[in-house]
Amino acid sequence: MKKQRPTIPISEWKLATHLEATREIQNQKGLPAHDCNCEWCFIWKCGFTELLPKDLREQLTRIGIEIRHPTDLYKFGDTDNGSSIRVVFHAIGKILSGPNQWTANEMGETLMYHTVRKEPFLSLVVFPQCKSFDEAPTLKNTAAGDLVRIDIRLEIPTEVVDIYA
């Protein structure tokens, strides 16, 4: 796992990332959001600088993620103030520390998101892709590290949607 930069924070998590390998998996053909021109991908590409806090944008960029090109993005609900979307990114490396991503209940394990801000709502979780059944980039250089999933849920206020819709 050469060329990793240790202790890069992503919210409450610390990652060691392989920058070159992370850049190689960005915007891969065949992934759900690759070249997508749906309404929500358009809103994201035009407005992500307004939608994500500056420090989170900087953290994602530092680990080699192209914020304009998520692995997956979709609307999953409506709120009183706007629409809720899920945005997924991937990096190559290792999770060094952070909150436990899973909690057990009578139905099994549940993924726990960490609230980054309350208004407009934004939460995220960082966990190994091997714990997810969702699609992911193809990792060709397995010696570079593990595939790490950065899964964000956020509310897009109605006024922001109206600007780009």
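Student: Where is Pro120 placed?

Tutor: Pro120 is in the loop between β7 (114-117) and β8 (122-128). Those labels come from DSSP runs: H or I over at least four residues makes a helix, E over at least two makes a strand, and numbering starts from the N terminus. Keep in mind that this is a predicted model, where local features need pLDDT of at least 70 and side-chain atom pairs count only at pLDDT 80 or more, while totals for chains, interfaces and linings use all residues. Residues are numbered from 1 along each chain as its sequence is written, and side-chain values use heavy atoms, leaving out hydrogens and water.

Student: What kind of peptide bond joins Glu119 and Pro120?

Tutor: A cis one, with omega about -25 degrees. In general, most peptide bonds are trans, and most residues other than glycine have a negative phi.

Student: Which phi value makes Ser11 worth a look?

Tutor: Ser11 sits at about 55 degrees, a positive phi, and it isn't a glycine. You'll find Ser11 in the loop between β1 (4-10) and β2 (13-18). Asn27 also has a positive phi, near 55 degrees, and its place is the loop between α1 (19-25) and α2.

Student: Why is Asn27 called partly exposed?

Tutor: Check the cut-offs: buried is under 20% relative accessible area, exposed is over 50%, and partly exposed is in between (1.4 Å probe, protein chains only). Asn27 has 27%, so it counts as partly exposed. Thr103, in strand β5 (residues 102-105), has 32% and therefore gets that label too.

Student: Why is Ala91 called buried?

Tutor: Its relative accessible area is 1%, so Ala91 falls on the buried side. Ala91 belongs to strand β4 (residues 82-97). Skipping neighbours within four places in sequence, its contacts include Ile63, Ile65 and Leu147, where contact means heavy atoms within 4.5 Å.

Student: Where is the kink in α2 centred?

Tutor: On Lys45, with a kink of about 55 degrees. The bend at a residue is the angle between axes fitted to the seven residues ending there and the seven starting there.
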